Amino acid sequence: MTSTARQLNRATLDRQMLLRREEVGSLTAVERVVAIQAQEPASPYIALWNRVEGFDPAELDEAFASGAVRKASLMRITLHAVTAADHEVFHHAMLPALRASRLYDKRFKSMDLTVEQADALLPHLLEFAATPRQKAEIEELLHAHVGDVGEPGVWWALRTYGGLVHAPTGGPWSFGLRPSYQSVATEPRERLAAVAEMLRRYLTGFGPATVLDMNQFSMLPRTTIREALALLDVVEDGGYYDVPDRTVPDEDTPAPPRLMAMWDSTLLAYADRSRVIPDEYRKLVIRNNGDTLPTVLVDGYVAGVWRPTEDGGVEVTAFHAFDEGQWAGLAEEAAALRKLLGDREPQVYKRYARWWSGLPAHDVRTV
């Protein structure tokens with residue numbers, strides 16, 4: 001039986017561990033939610049804080065430091081935090097798209113460099129980056145091999161498709177403003193099989209979902225997605241695919257309030273963004289340059305945004321009326337979030353404050 005729109009919302013919250021915090025370790029949580037957007041260093045930590053009972057950020061520090069969780073350019077050509085096992089698969093699944101995003105770009109074509117020359121640099125780069133290297137070191141190596149090829153430079157291309165991951169550099173959230181990169185060994189994989197496994201993993205964390213949803217999640221061609229789905233043991237109902245034996249919650253399942261990280265994957269993993277973001281709020285929280293604001297979930301849907309205040313509070317901008325029970329729930333969440341941020345970065349996301357100008361505030365409270 002085809003699920004209602006509200007059931008699909010609850011399915012996402014359930015699989016993304018947002019109906020209740022669960023007593024699991026950080027590595028298990030990253031595996032469960034499949035892929036955490038990681039453009040902002042703080043976001044994987046806030047994402048897991050929303051999902052894990054008694055979340056200890058030091059656990060995620062250690063997972064990044066040991067390589068059990070890797071940060072790399074993957075789906076949608078953006079940075080994600082994934083388990084090492086998933087990175088092995090996702091990198092090979094996404095490699096043609098990662099390459100095309102750079103090698104077919106007019107900026108690459110304007111450089112004095114061929115595709116073959118760029119590819120020939122990879123073995124040297126991967127050997128050099130067996131230990132963590134910063135941008136300046138890598139650019140010096142590449143310059144020694146090909147000289148000045150013009151802007152934006154060969155490193156701009158290789159860092160996206162070359163198979164490197166971000167190495168922790170310290171700071172409050174493991175990764176600072178000056179990235180360091182490291183090569184990791186990955187076993188060769190048959191590309192379509194890798195795509196199929198990536199889609200299976202996507203469905204475990206975000207299903208049921210359509211081909212268009214999978215296209216939005218990955219930015220892979222729909223023809224490729226359909227070919228890969230044919231390799232999987234999946235069920236299909238009304239255009240929605242899912243892994244077998246997964247249930248969908250009732251639409252009246254309660255959903256607690258949440259203070260979500262910037263770019264949380266639940267907001268970006270579907271073509272139909274109304275699954276979590278009401279249509280009238282989409283452009284408010286996903287800005288015209290792609291910045292996706294830290295949102296407030298009420299009854300499972302985006303209902304506003306939040307940001308820290310200078311005095312250590314959490315300001316919530318509500319796009320519509322909340323009842324006092326919902327405000328009380330958000331106050332409890334904010335108290336716990338203040339503790340997480342206070343130990344690391346009280347003014348997290350501060351550089352995005354410009355987006356608060358002109359938001360349609362039905363109510364603004366510091367909680």
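1. V34 is buried, at 0% relative accessible area, where buried means under 20%, exposed over 50% and partly exposed in between, using a 1.4 Å probe and protein chains only. V34 sits in the loop between α2 (26–33) and β1 (36–37); helices (H or I, at least four residues) and strands (E, at least two) are DSSP runs numbered from the N terminus. Have a look at the backbone here too: phi of V34 is near 80 degrees, a positive value in a residue other than glycine.

2. Before going on, the ground rules: this is a predicted model, with local features needing pLDDT of at least 70 and side-chain atom pairs counting only at pLDDT 80 or more, while totals for chains, interfaces and linings use all residues. Residues are numbered from 1 along each chain as its sequence is written, and side-chain values use heavy atoms, with hydrogens and water left out.

3. I77 also has a positive phi, about 55 degrees, and is not a glycine. Its place is the loop between β2 (69–73) and β3 (79–83). I77 counts as partly exposed, at 25% relative accessibility. As background, most residues other than glycine have a negative phi, and most peptide bonds are trans.

4. On to the cis peptide bonds. One runs from E151 to P152, with omega near 5 degrees, and P152 lies in the loop between α8 (135–146) and α9 (154–161). Another joins G207 and P208, with omega about -10 degrees; P208 is in the loop between α10 (191–206) and α11.

5. How do α11 and α12 pack? Helix α11 (residues 211–218) and helix α12 (residues 222–229) meet at an angle of about 115 degrees, their axes 9 Å apart. Axes here are lines fitted to C-alpha atoms, for helices over the stretch in contact, and angles run from 0 to 180 degrees between N-to-C directions. The two helices are therefore roughly perpendicular to each other (under 35 degrees is roughly parallel, over 145 roughly antiparallel, 65 to 115 roughly perpendicular and the rest oblique). V211, L212, M214, N215 and S218 of α11 make the contact with R222, I225, R226 and L229 of α12, contact meaning heavy atoms within 4.5 Å.

6. Helix α7 (residues 115–128) and α8 pack at about 145 degrees, with axes 11 Å apart. On the α7 side you'll find L121, H124, L125 and F128, which meet E137, I138, L141, L142, H145 and V146 in α8.

7. Check the kink in helix α5 (residues 84–103): about 55 degrees at L95, shortly before the proline P96. The bend at a residue is the angle between axes fitted to the seven residues ending there and the seven starting there. Of the 20 residues of α5, 15 are buried, so the helix is largely enclosed by the rest of the structure.

8. Buried or exposed: which is Q7? Q7, in helix α1 (residues 5–15), is buried, with a relative accessible area of 18%. The Q7 side chain reaches the backbone nitrogen of T4 at 3.0 Å. Leaving aside residues up to four places away in sequence, Q7 touches V248, P249, D250 and E251.

9. Last one: A65, in helix α4 (residues 57–66), counts as exposed at 57% relative accessibility. A65 and T169 are 104 residues apart in sequence and 9.2 Å apart in space, C-alpha to C-alpha.

Terms used
Polar contact = N/O pair within 3.5 Å; in protein donor to acceptor, adjacent residues only side chain to side chain.
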